[in-house]
Amino acid sequence: MKHFLFHLMPYRELPHDFEKTHESAWVWAPNSLFDPERAHGYYNEYIDQLAEAEPLGFDGVCVNEHHQNVYGLMPSPNLIASMLVMRTRRIKIAVVGNALPLYNPPTRVAEEIAMLDVISGGRIISGQVIGGGPEYFSFSINPAEARTRFAEAHEIIMRAWTQPGPFEFYGEHYKLRYVNVFPRPLQKPHPPIWIPGAGSLETMEFVAKRRYAYMGIPYFHIDFFKKNYALFRECCEKEGYQAHPEQMGLLMPIYVAETDAKARREFEEHFWYFKNKLIPGLTLSPPGYTSVKSALRIYKSLKDGKTFINGCESWEDVEKGCFAIVGSPETVAEKIVEHASEIGCGNMLGLFQLGSMPSAQARENARRYAEAVMPRVNKELPTTTRPMPAATPFPDERK
Amino acid sequence: MQNTTTTIRVLGREIHEIRGGEGRPLLYLHSAMGEAIWLPHLSALAQGRELHAPAHPGFLSSAGIEQVRDIEDMVEHYYSYLDVMGWESVDVIGLSFGGWIAAELAARFPHRVSKLVLASACGIWVREKPIADIFAIDTRFPDRLRNLFFHDPNCPAAQLMVMPGNVELPDEMLINIMNAFAATAKIGWNPLLHDPRLEGILHRVSAQTLCLWGANDRVVPLEYGEKYAKLIPGARLQVIPACGHLAPLENPLAWLAAVKGFLG
């Protein structure tokens with residue numbers, strides 16, 4: 001198993017009645033709440049936590065992109081990744097991902113990721129994502145074009161990395177007379193591609209066809225994940241190959257303490273801060289953002305009110321749906337092994353700081369995970385030696 | 001009143017249309033609700049006229065939204081539609097989003113529109129009174145929805161207003177709602193439900209024009225009716241008191257009387 005430390009960089013000290021006075025943590029949560037003095041501390045602590053993943057023995061770190069919200073202070077994950085490139089020597093740095101439709105021209109992503117890859121000596125994983133629903137409000141980008149923009153932007157980036165320039169790309173959305181990205185990435189043919197998805201079949205088919213890695217968008221009931229990863233594996237089989245474990249990543253809040261009881265006692269309030277204050281608004285789904293087929297499927301699976309984290313009302317709900325893995329090292333390892341082996345994933349992505357959790361506590365949590373959980377999991381689920389399938393290249397249109 | 005549903009081809013797109021009545025043709029351009037269905041106010045409009053209510057590309061079973069990039073493409077679609085129907089010129093009623101299309105059509109191709117009714121129409125912008133962001137409506141709160149679209153949220157029509165999230169809807173209806181919102185967003189997401197070029201060309205409209213507004217429109221406020229009436233030569237503004245955005249549903253009698261009085 002490969003282990004990644006994922007950080008959302010949340011805004012920690014919101015007013016205690018925030019959720020009563022604000023309906024959304026996204027788009028409309030007023031930026032008068034932002035205190036730069038506090039955020040100075042948050043950013044530096046969070047970057048320390050990420051950098052510490054290397055000496056702790058993690059395989060990599062993950063950063064991600066969200067805009068205009070109190071959920072995460074990382075509108076530019078590439079900026080944070082660039083700092084981590086200089087603070088680490090060995091581990092992978094996964095940007096999961098850049099929201100491609102928000103970059104115009106999207107060659108900007110190709111340039112920045114290539115810079116990071118070259119400077120880091122080939123340690124970058126390029127996550128590419130359509131962007132969360134709220135992003136389309138915050139950036140005034142047309143959600144009805146989200147999917148076609150993503151597809152075009154993705155093709156531009158992949159071709160910019162792998163095909164000699166300059167070439168012309170005249171698509172529906174992007175008209176680029178000269179694509180000639182300089183620098184190109186160090187990894188050949190390009191950095192690994194991770195695509196996050198929330199259960200849309202089109203995304204899984206796309207990822208399976210191109211032989212990239214699929215990462216489930218978190219905060220769903222474990223059964224929903226299991227169904228989705230089974231679907232993904234089927235998609236790979238339809239493409240004529242067996243899904244590689246490292247083509248799948250499972251992202252979860254994780255908390256480890258000496259005993260189960262102590263873990264819950266230390267963790268629970270931060271989970272509720274996260275769920276009650278930071279999650280509302282995350283599921284905004286602007287019109288046209290998903291296909292009608294996917295929207296209907298997702299709508300129906302969420303209808304019971306228990307499939308997404310916002311339906312959690314008691315600790316029992318949290319445990320039952322495995323919305324967080326919390327307990328002693330034995331318990332946490334056991335649960336990871338149970339779920340990961342059923343899902344077949346070879347990447348475990350942990351959120352070790354969640355919601356209002358103070359930095360010292362988050363660091364201890366990550367340390368206990370690295371020391372006492374990772375070896376247990378790796379013993380049960382050793383990293384496979386089978387090579388990852390090679391990504392399907394885009395044809396060079398000039399040939 | 002008898003009505004028929006038919007499929008026509010416009011620019012290679014299969015277009016769903018409902019029609020009924022006899023007399024001179026009258027074209028109804030529906031709102032973001034996609035009401036190319038035989039609602040009572042359509043039936044009333046078909047008395048003495050041959051009423052045509054096509055569904056815009058992307059609405060109901062009308063195809064071709066993939067090729068409609070923006071409002072200009074939508075107007076070209078309707079220019080071709082008029083050709084398909086063989087109408088040199090026709091009377092047009094547009095409600096809300098449909099009113100925007102109607103105003104563009106009459107401004108860009110003045111000779112194709114004889115009489116024009118702009119009912120609660122978006123399409124222009126009044127900085128002091130922004131159009132409500134219908135795309136940001138939280139479907140968890142049906143009361144807010146009714147408050148936005150109606151003067152009296154307790155009127156019978158408001159009670160019929162449903163959104164996924166608060167009631168169980170059949171798949172077909174859910175799909176229609178999602179498609180309608182997606183198609184509206186494709187044209188009107190940003191800038192929100194208007195075309196910054198339109199107000200500069202409204203002086204070209206040669207159709208006799210009625211701007212028909214609910215006095216208490218919380219979606220496209222009355223100021224939009226006033227601005228349209230000011231910019232379109234000879235246009236008249238008629239205001240229905242104590243009425244909201246969906247005027248033909250909230251006060252059908254007053255709305256129909258105004259339209260019929262104008263069309264003659």
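Contact here means heavy atoms within 4.5 Å. This is a predicted model, in which local features need pLDDT of at least 70 and side-chain atom pairs count only at pLDDT 80 or more, while totals for chains, interfaces and linings use all residues. Residues are numbered from 1 along each chain as its sequence is written, chains are lettered from A in the order in which they are written, and side-chain values use heavy atoms, with hydrogens and water left out.

**Stop 1: S294(A)**

Select S294(A), which lies in helix 11 of chain A; helices (H or I, at least four residues) and strands (E, at least two) are DSSP runs, numbered from the N terminus. S294(A) counts as buried because its relative accessibility is 5%, and buried means under 20% relative accessible area (1.4 Å probe, protein chains only). Leaving aside residues up to four places away in sequence, S294(A) touches S200(A), L201(A) and E202(A).

**Stop 2: helix 8 of chain A**

Move to residues 201-210 of chain A, which form helix 8. Its buried residues are M204(A), V207(A), A208(A) and R210(A). Show helix 7 (146-162), strand 7 (193-197), strand 8 (213-216) and helix 9 (222-238) of chain A, against which those buried residues pack. After helix 8 comes R211(A), with a positive phi near 60 degrees.

**Stop 3: the nonpolar cores**

A nonpolar core is a set of buried Ala, Val, Leu, Ile, Met, Phe, Trp, Tyr and Cys residues joined through side-chain atoms within 4.5 Å. The largest has 210 residues, and W194(A) is one of those that touch the most other members. Select W194(A): among the residues that it touches, not counting those up to four places away in sequence, are F4(A), C62(A), I125(A), M215(A) and L349(A). A second, separate core of 25 residues includes L26(B), I93(B), V117(B) and L210(B).

**Stop 4: where chain A meets chain B**

Chain A gives 19 residues to the contact and chain B gives 21 residues. The buried area, meaning the accessible area (1.4 Å probe) that two parts lose on being put together, summed over both, is about 1,600 Å², with 63% from carbon and sulfur atoms. Select P287(A), V292(A) and Y299(A), which supply 30% of the area that chain A buries against chain B, more than any other three residues.

Two salt bridges are counted between the chains, each a side-chain nitrogen of Lys or Arg within 4 Å of a carboxyl oxygen of Asp or Glu. Select R144(B) and E23(A) to see a salt bridge at 2.4 Å, N to O. Helix 11 of chain A gives the largest share, five residues.

Methods
Buried < 20%, exposed > 50% of the residue type's maximum accessible area, 1.4 Å probe, protein only.
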